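Let's take a walk through a protein model together, one contact at a time. Keep the picture open and follow along as each residue comes up.

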Amino acid sequence: QVKLVESGGGLAQPGGSLRLSCVGSGTPFTINAMAWYRQAPGKQREFVAALTSGGVTNYDDSVKGRFTISRGNDKNTVYLQMNSLKPEDTAVYYCNADPTYIEGKEEPRPRGDYWGQGTQVTVSS
């Protein structure tokens with residue numbers, strides 16, 4: 001099965017930046033899509049960004065223009081560059097992998113069965 005390990009969370013000031021990393025391993029199968037979700041206290045886990053193996057990206061409106069999702073040379077590695085951080089970005093960020101995602105005509109919003117342990121992002125003055 002897929003193992004996902006996130007890193008890079010921490011404390012940032014409003015307007016600051018953080019870069020999250022997620023490394024997938026432990027499976028012989030290709031991960032066809034990876035995504036970032038986040039969950040703030042008292043709220044549902046929400047979609048943040050996604051990237052398919054075909055290079056198609058998608059972002060929630062709340063992070064468009066500020067966050068960038070990308071993959072390393074190892075396509076089971078995904079990054080989330082977070083710029084212009086706001087206090088409302090504070091949440092636990094989770095990496096998600098969908099090995100069976102099939103490319104479609106619409107913007108991807110995969111939600112596979114595999115999750116990382118989460119990494120805390122706190123944006124505060």
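The side chain of Arg38 makes a polar contact with the side chain of Asp89, at 3.0 Å. A polar contact here is a pair of N or O atoms within 3.5 Å; within protein, one must be able to donate a hydrogen and the other to accept it, and residues adjacent in sequence count only if both atoms are side-chain atoms. Arg38 also has a polar contact of 2.9 Å with the side chain of Tyr93. Before we go on, please note that this is a predicted model, where local features need pLDDT of at least 70 and side-chain atom pairs count only at pLDDT 80 or more, while totals for chains, interfaces and linings use all residues. Residues are numbered from 1 along each chain as its sequence is written, and side-chain values use heavy atoms, with hydrogens and water left out.

Where does Arg38 lie? You can find Arg38 in strand β4, residues 33-39. Helices (H or I, at least four residues) and strands (E, at least two) are DSSP runs, numbered from the N terminus. Is Arg38 buried or exposed? Arg38 counts as buried because its relative accessibility is 5%; buried means under 20% relative accessible area, exposed over 50%, and partly exposed in between, using a 1.4 Å probe and protein chains only. Leaving out residues up to four places away in sequence, Arg38 touches a list of residues including Gln44, Glu46, Val48, Phe67 and Glu88. Touching, or contact, means heavy atoms within 4.5 Å.

Phe67 leads us on to the nonpolar core. Such a core is a set of buried Ala, Val, Leu, Ile, Met, Phe, Trp, Tyr and Cys residues joined through side-chain atoms within 4.5 Å. The largest one has 26 residues, and those touching the most other members are Trp36, Val48, Phe67, Ile69, Leu80, Met82 and Tyr93. Two or more residues come from each of β3, β4, β5 (46-52), β7, β8 (77-82), β9 and β11 (119-123). Strand β9 gives the most to this core, with 4 residues. Apart from neighbours within four places in sequence, Phe67 is in contact with residues including Arg38, Val48, Leu80, Met82 and Tyr93.

Next, look for the sulfur atoms. How many disulfides does the structure hold? It holds 1 disulfide, which counts as a pair of cysteine sulfur atoms within 2.5 Å. A disulfide is a covalent bond between the sulfur atoms of two cysteines. Here the partners are Cys22 and Cys95, with their sulfur atoms 2.0 Å apart. The link of Cys22 and Cys95 is left-handed, with -85 degrees about the S-S bond. Cys22 lies in strand β3 (residues 18-25) and Cys95 in strand β9 (residues 91-98), so the pair ties together parts that are 73 residues apart in sequence. Both Cys22 and Cys95 are buried.

Ser21 is also in strand β3. With a relative accessibility of 17%, Ser21 counts as buried. Among the residues that Ser21 touches, beyond four places away in sequence, are Val5, Trp36 and Tyr79.

Another arginine to visit is Arg71, in strand β7 (residues 67-71). At 16% relative accessibility, Arg71 counts as buried, and its side chain reaches the backbone oxygen of Ile31 at 3.3 Å.

Now for the rings. A search of the whole structure finds 3 aromatic pairs. Rings of Phe, Tyr and Trp (its six-membered ring) pair if their centres lie within 6.5 Å; planes under 30 degrees apart count as stacked, over 60 as edge-to-face and the rest as tilted. The rings of Tyr37 and Trp115 are edge-to-face because their planes stand at 70 degrees, with centres 5.2 Å apart. Tyr37 lies in strand β4 and Trp115 in strand β10 (residues 114-115), so this pair ties together parts that are 78 residues apart in sequence. Tyr37 is buried at 3% relative accessibility, whereas Trp115 is partly exposed, with a relative accessible area of 27%. Tyr94 and Trp115 form another edge-to-face pair, 6.3 Å centre to centre and with 90 degrees between the planes. Ring pairs link Tyr37, Phe47, Tyr94 and Trp115 into a cluster.

Finally, Arg45 lies over the face of Trp115, at 4.6 Å from the ring centre. A charge sits over a ring if NZ of Lys or CZ of Arg is within 6 Å of the ring centre and within 35 degrees of the ring normal. The charged end of Arg19 likewise sits over the ring of Tyr79, 4.0 Å from its centre.
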